[in-house]
Number of protein chains: 10
Amino acid sequence: MLKGIPNILSPELLKTLHEMGHGDEIVIGDGNFPAANYANHLIRCDGHNVPDLLEAILELFPLDTFVNKPVTLMQVVDQQNEPIPEIWHKYKNILSIHQMDGSQIGYEERFDFYERSKRAYAIIATTEKALYANIILKKGVIS
Amino acid sequence: MLKGIPNILSPELLKTLHEMGHGDEIVIGDGNFPAANYANHLIRCDGHNVPDLLEAILELFPLDTFVNKPVTLMQVVDQQNEPIPEIWHKYKNILSIHQMDGSQIGYEERFDFYERSKRAYAIIATTEKALYANIILKKGVIS
Amino acid sequence: MLKGIPNILSPELLKTLHEMGHGDEIVIGDGNFPAANYANHLIRCDGHNVPDLLEAILELFPLDTFVNKPVTLMQVVDQQNEPIPEIWHKYKNILSIHQMDGSQIGYEERFDFYERSKRAYAIIATTEKALYANIILKKGVIS
Amino acid sequence: MLKGIPNILSPELLKTLHEMGHGDEIVIGDGNFPAANYANHLIRCDGHNVPDLLEAILELFPLDTFVNKPVTLMQVVDQQNEPIPEIWHKYKNILSIHQMDGSQIGYEERFDFYERSKRAYAIIATTEKALYANIILKKGVIS
Amino acid sequence: MLKGIPNILSPELLKTLHEMGHGDEIVIGDGNFPAANYANHLIRCDGHNVPDLLEAILELFPLDTFVNKPVTLMQVVDQQNEPIPEIWHKYKNILSIHQMDGSQIGYEERFDFYERSKRAYAIIATTEKALYANIILKKGVIS
Amino acid sequence: MLKGIPNILSPELLKTLHEMGHGDEIVIGDGNFPAANYANHLIRCDGHNVPDLLEAILELFPLDTFVNKPVTLMQVVDQQNEPIPEIWHKYKNILSIHQMDGSQIGYEERFDFYERSKRAYAIIATTEKALYANIILKKGVIS
Amino acid sequence: MLKGIPNILSPELLKTLHEMGHGDEIVIGDGNFPAANYANHLIRCDGHNVPDLLEAILELFPLDTFVNKPVTLMQVVDQQNEPIPEIWHKYKNILSIHQMDGSQIGYEERFDFYERSKRAYAIIATTEKALYANIILKKGVIS
Amino acid sequence: MLKGIPNILSPELLKTLHEMGHGDEIVIGDGNFPAANYANHLIRCDGHNVPDLLEAILELFPLDTFVNKPVTLMQVVDQQNEPIPEIWHKYKNILSIHQMDGSQIGYEERFDFYERSKRAYAIIATTEKALYANIILKKGVIS
Amino acid sequence: MLKGIPNILSPELLKTLHEMGHGDEIVIGDGNFPAANYANHLIRCDGHNVPDLLEAILELFPLDTFVNKPVTLMQVVDQQNEPIPEIWHKYKNILSIHQMDGSQIGYEERFDFYERSKRAYAIIATTEKALYANIILKKGVIS
Amino acid sequence: MLKGIPNILSPELLKTLHEMGHGDEIVIGDGNFPAANYANHLIRCDGHNVPDLLEAILELFPLDTFVNKPVTLMQVVDQQNEPIPEIWHKYKNILSIHQMDGSQIGYEERFDFYERSKRAYAIIATTEKALYANIILKKGVIS
């Protein structure tokens, strides 16, 4: 443990977030995300949910303000009938602390989301149980 | 994730608990325990406390009923003036679910506890903040 | 060994089943299946047959209910003259315990089956001697 | 699989038995034996019992006829009151096929048995549930 | 060494033959075959010739009876003027012990033979000096 | 790079500081310290001096307040004639920011310092040119 | 450390520069460059800026005089409105010491620069904060 | 060292030459050849020139007499104006000892030479300073 | 294969003999020697006997002429009644080619021979069937 | 290759010399020195003699001026009758360039020299043929 570092961030995760550069992406996958199969770097956070990780990560990790959509969610399949997933509200609250709002969130169709995840620098495997909880973060710059 | 397996148990931890045999020991260390330094097998559970892990582990892991003290805690340094650590009550409650009571808990002086940890099969690194939270479990038999 | 875990599931197999995600596939190959050649992750279960493994795996491993055919068998070559393989009846009995019936089984021509196996997350090598005993399972979600 | 090789012997186990030399020892441990902790070479045979492995191994593996006791069992703790373990009769039947009788079996006290296992060339982890089922075999010569 | 296993088969070669499945191929290359360059698994048998290895391998290794040509030789370049290589007679004698005759031998042009070797499960490097001595064996089933 | 993390701390160093526990020690060696020879974990910081690293490390790394001397320097050989090394004043200034004063610094004879370094969790190799610049830090607790 | 070698050059970096040949390229990336993601060989120089590394490297590393542009910078996006980056002046000064002038510098559009970096022999990760500070060096010959 | 083996041939180089087969190629690169970048197997011979290595290698290594050009040099760029490189005379003298003459040398344009080197079994890195000194040898047969 | 190198010497064995220095020892073990268990470097020569290897090795490998007994055999247990092993005559014939006679052969009691083998640089595992065939060679100098 | 670095120093050797610290030792062994057996880090320089390496190394590598004897040679066995080895004169000439004279050379009996070599940071294996050519260098400081 270190002073001022949220204790949910393991040494391995902290190192990974640190070594990522501008434009690199990290996926926080839910409990059923095929993380071990798709990840270039796999970081397991069993027993944790996505919002707790998102909150901790954003304390240290800058989002990319050079692109329009530094945050990406998995598109709801039946957009006309399915409500907006509950957990997205939590994400927006967390993002708002970092001067981000909903307009900066992009949406990717499920299989496109998978293909993009395979190219990401790292995937975090949580045991989040909410639907549509997977999220991709694009790293910004430290100036 | 698997049916009926507590989601706090990572694939690596589950494998480790499984491959241990009768008499092998596992340490659940608190957030300041020098786990990376002492462990033969290190399993990190950052962001978790000891009672949650203990509870999940004991669902699958049998304690050794052939010895008098299958559970070991780190002795309070100043036993006359320090109260019994709060977290021990939680441990006893969890143990009681598995037909264990306080008489089956042994106590090891701090540096003896360290030496014994170095010989353990594995050490789990949590970020538990309570004092005197380190605990050693000796595996029993599946019959 | 662990409480409540079928003893045919090795630590390595248990870890593998655990780390798979929604949509990942695992093949249980018979004794002549070229498992070592095709597998991304190879898990040997020498001395065991497929039904015993299938039964044990399904105690912990959810099948994918989002697709029509979460289970796949290798198509009988001469479908007009060859009888339905005996061992498939065993599979259907085991699947029925998990609310699956024959309509949820797909069939893949031999070489297509091989190609799909190469993309699977893992292949289990048994020493099953029955013909047409190879089977692919697609993992579902834990909710 | 190979012609004439019992299918319970995995490629890894077959290789291990082959590369052992005169005087090297192999332990077949029961389901609770701390095999992963003690083994120089660990070979897992989850789901199998000791007699099936013993029988298959002795088809290929010569016992040492230069020493008095090429086979070693773990001594019954309370020799006066505990009956001879049932499984030992099976062992003697299997050994008799290979011209070995009870006089060629040695007995080692539990902790001595452990220490000797740590020096063995390999340990096989079964999921045998019988008590006193651990057995050490000393390899003989092929002439 | 093991009872009944030809002593020319090393532990590594025995393991490799064992873990191959139906349809997998193994090449026995002569002393000038670029085995180290082409092999997925390389097994060196320096000081040995091909017939001795072929004879020993076929004691344990079933040939594929589901295909027309489970055995493949490298085509003689100038088929009109070059005699049939002497060593092929030895091969046919060895094959005849296993109910195989010349009609079950296929021939592959030199560079096609090389490409096929690169896809084989393993290549054995001998120091055979005869010309046209390279041979590919396709594994059959153990039933 | 991460928000709020001094940029002199590499991902590897940050991970190392994080995974250390209470009582573990880290050495910051000068440019001539035999770091590669003695280190259990070696972290190179070529081109940097010790005070810059010390300052950055102490922003995140708690010193051990349970012992009298959480900081250790290498004893000046000729204590009567050699002046107090200039660089020690810098160290004291940096330590004072963290409520440490000179009374909490211990001194270790050169070869004792070396032996202790060999047991440390990690050694940082700088290219510091000042004499007597090596320093050992003992990690404290995060509460 | 070695006589006459700038101390900012770590053993690993020195080895890398040494083993590169004529025409091989090395990238010195700024603090936000996705170095860990793109590099064939990654060399971290946390806490350092690009000019200091460039200066040290060119003491030992010959630039390629057989091509027109042995040095490459990342093109300014908005060339009409953005001024020439300050740091480029420093680069030109350093290059002038080695008989190089601005005419020997090429410019690569951002994403072309990234693709070329992925093919480079190595990437150095600095924590340089200036914009447009990334630079590619093509190695020349020692004659 | 061994009896009758030129001492310039290291154990690793000797092993590499030995395990190559008919038609495999080895490159002896000059001091500026990008050997580390292109090599499948890299063998460093720092401090040596190409003729000394060529001479030693050909004592043990047969050239391919089944092809027209078992030896390949890098084509002079400006063939009309550049003289024949001095070092080629040395090569021809060394080759003549092995019954090879200039007609058996092929020439490859620089970038074709590079592409072919990437497919070679091994590349030897010398510190030869002569121009056009790179040479590719194709292995022949031992009969 | 290489010109003038006996083809029984594999690339790995040749490399090992080469890298040994003055005073280093190599054991040629018979088929029952516990080579895999005792060897620092294990070299398998399955299917070969000891005299063929001894003969090939001594073509390249100098024996130590600075000691009295550069060759060591395993002492016959019952020296009074057992005849001199037949195979020793073969050894003496081979040694005589290299100006060695029986006076330069030492004898080591079985368990001393084992302990010495464990300290040897390498052990060669043959499948020699003769008794008392194990032999240790001490490397001499190339001058 | 790099500007100003002697070309006999390979990238690996340069890295090793660089990462050594004050008091670390490196051995330059002759062609019969058991370098592979004794070395913690082995660096082969086949085809080179000791004086050439010594000369190149000392251009970059400072000798320890804090001890009386930073250079160590292997004692002549029969000091009364054997002349001073010729090669030592070369060493002294090379050392004199670096302000060292014969008084700074220590001598170690053969087996003591071996034991000390085993503790050295690295051993360089040359193919030097002169007797008594082994030499140990103790690294000094860069100030």
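Analyst: Let's start with a definition: contact means heavy atoms within 4.5 Å. Keep in mind that this is a predicted model. With that cut-off, no contact joins chain D and chain J, and the closest C-alpha atoms of that pair lie 23 Å apart.

User: How far apart are the nearest C-alpha atoms of chain E and chain J?

Analyst: They are 24 Å apart, and those two chains do not touch either.

User: On to sheets. In what order do the six strands of chain F come?

Analyst: In chain F the order is β2-β5-β1-β6-β3-β4, an open sheet with mixed pairing. At its edges stand β2 (42–44) and β4 (105–108) of chain F, each with a single partner strand, so one side of each has no neighbour in the sheet. On average, and ignoring direction, neighbouring strands of this sheet are turned by 20° against each other.

User: Do β1 and β5 of chain F run parallel or antiparallel?

Analyst: Parallel: four bridges join β1 (residues 25–29) to β5 (residues 122–125) in chain F. To find your place, look for V27(F), which stands opposite I123(F) in β5(F).

User: Which strand of chain G is joined to β1 in antiparallel fashion?

Analyst: That's β6 (residues 135–138) of chain G, joined to β1 (residues 25–29) by four bridges. Within that pair, I26(G) has L137(G) as its bridge partner. Helix α1 (residues 11–19) of chain G packs on the sheet, where it touches β1, β2 and β5 (122–125) of chain G. The direction of α1 makes about 140° with that of β2(G).

User: Now a helix. Which residues of α5 in chain J are buried?

Analyst: For this step you need a cut-off: buried means under 20% relative accessible area. In α5 (residues 110–119) of chain J, F113(J), Y114(J), R116(J) and S117(J) are buried. Down the axis of α5(J), these buried residues fall within an arc of 170°, so they line one face of the helix. They pack against several elements of chain J, including β1 (25–29), α2 (35–38) and β3 (71–74).

User: What caps the N-terminal end of α5(J)?

Analyst: E109(J) does, with a side-chain oxygen 3.1 Å from the backbone nitrogen of F111(J).

User: Last one: why does R116(H) count as buried?

Analyst: Because its relative accessible area is 17%, and the cut-off is under 20%. R116(H) is found in α5 (residues 110–119) of chain H. Beyond its neighbours within four places in sequence, R116(H) is in contact with E25(H), T72(H), E108(H) and I136(H).

Terms used
Residues are numbered from 1 along each chain as its sequence is written. Chains are lettered from A and ligands numbered from 1 in the order in which they are written. This is a predicted model: local features need pLDDT of at least 70, side-chain atom pairs count only at pLDDT 80 or more; totals for chains, interfaces and linings use all residues. Side-chain values use heavy atoms; hydrogens and water are left out. Helices (H or I, at least four residues) and strands (E, at least two) are DSSP runs, numbered from the N terminus. Buried means under 20% relative accessible area, exposed over 50%, partly exposed in between (1.4 Å probe, protein chains only). The arc is that of the directions from the helix axis to the C-beta atoms. A polar contact is a pair of N or O atoms within 3.5 Å; within protein, one must be able to donate a hydrogen and the other to accept it, and residues adjacent in sequence count only if both atoms are side-chain atoms. Two strands pair if DSSP finds at least two bridges between them. Axes are lines fitted to C-alpha atoms, for helices over the stretch in contact, and angles run from 0 to 180 degrees between N-to-C directions.
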